[in-house]
Amino acid sequence: MSDPLLTLHQIEALIPHRAPFLLLSRVVSEDRAAGSLVAELDVRADAFWVPGHFPAPVGPIMPGVLQVEALAQAMAVYVARTPGFGGRLGVFAKIEACRFTRMVVPGETLRLEVTMQKLGSRMGTAAGVASVGGEAACSATITFVIPPESALPHPAGSTASAERK
């Protein structure tokens, strides 16, 4: 494998997600002209969801919603690397045309390809495909919105609530 474009540490500098919910291992490529980014997730046997989704003899099988979340995180990295967007938090607004076509299991590498369709100052849409070994596992069109700071929750004791005082 060649050196990644972004390592896990560099991804953490761009988006707020952290283990165990950071679902990207590395970013392997980005094409600004095409509006696309490719990331990967090493699906690990010690992932938090393995014991319960689903226990033997059926699983474990990576939950489809986590595949969609991984695509959204890849999109978040693309957006965070776009001038004017760093440090802004995007949240799900819509998930459309979502399809699951292959099960993903520990030991596999999930390739996450996102292509921006629209990117405005407060929202954006991307088409995403998650695949293993060239075989599509999940596809979706994901829309995010950047809410105003005043609309974000700031639980007591969080860094954000301390900064607002």
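## Lining of the largest pocket

The lining of the largest pocket comprises 15 nonpolar, four polar and two charged residues. The structure described here is a predicted model. The space in this pocket amounts to about 530 Å³. Its lining is made up of 21 residues, and those closest to the centre of the pocket are Pro16, His17, Arg88, Leu89 and Gly90.

Two elements, helix H2 (64-80) and strand E3 (91-100), each give two or more residues to the lining of the largest pocket. Helix H2 provides the largest share, with seven residues.

## Helix H2

Helix H2 has 17 residues, which at 1.5 Å a residue should span 24 Å. The C-alpha atoms at the ends of H2 are 24 Å apart, in agreement with that expectation.

Of the 17 residues of H2, 14 are buried, so the helix is largely enclosed by the rest of the structure. H2 is also the element that contributes seven residues to the lining of the largest pocket. As a general point, an α-helix has 3.6 residues a turn, so residues three or four places apart point the same way.

## The second largest pocket

The second largest pocket holds about 410 Å³ of space. It is lined by 18 residues, of which Pro20, Leu22, Leu41, Asp42 and Arg44 are the closest to its centre. Helix H1 (8-12) and strand E2 (36-42) are the elements that give two or more residues to this lining.

By class, the lining of the second largest pocket consists of 13 nonpolar residues, one polar residue and four charged residues. For the lining of the largest pocket, the corresponding counts are 15 nonpolar, four polar and two charged.

How many disulfides does the count give? The count comes to zero disulfides. Cysteine 98 is in no disulfide, and the nearest cysteine sulfur, that of cysteine 138, lies 4.5 Å away. Likewise, cysteine 138 is in no disulfide, its nearest cysteine sulfur being that of cysteine 98 at 4.5 Å.

Notes:
Residues are numbered from 1 along each chain as its sequence is written. This is a predicted model: local features need pLDDT of at least 70, side-chain atom pairs count only at pLDDT 80 or more; totals for chains, interfaces and linings use all residues. Side-chain values use heavy atoms; hydrogens and water are left out. A disulfide is a pair of cysteine sulfur atoms within 2.5 Å. On a 1 Å grid over the protein atoms alone, a cavity is a set of points where a 1.4 Å probe fits but cannot get out, and a pocket is an open set with protein on both sides within 12 Å along at least five of seven lines; lining residues have an atom within 4 Å of a point. Grid points are joined across faces, edges and corners, and a volume is the space filled by probe spheres set on the points. Helices (H or I, at least four residues) and strands (E, at least two) are DSSP runs, numbered from the N terminus. Ala, Val, Leu, Ile, Met, Phe, Trp, Tyr, Cys and Pro count as nonpolar, Asp, Glu, Lys and Arg as charged, and the others, Gly among them, as polar. The expected span of a helix is 1.5 Å times one less than its number of residues. Buried means under 20% relative accessible area, exposed over 50%, partly exposed in between (1.4 Å probe, protein chains only).
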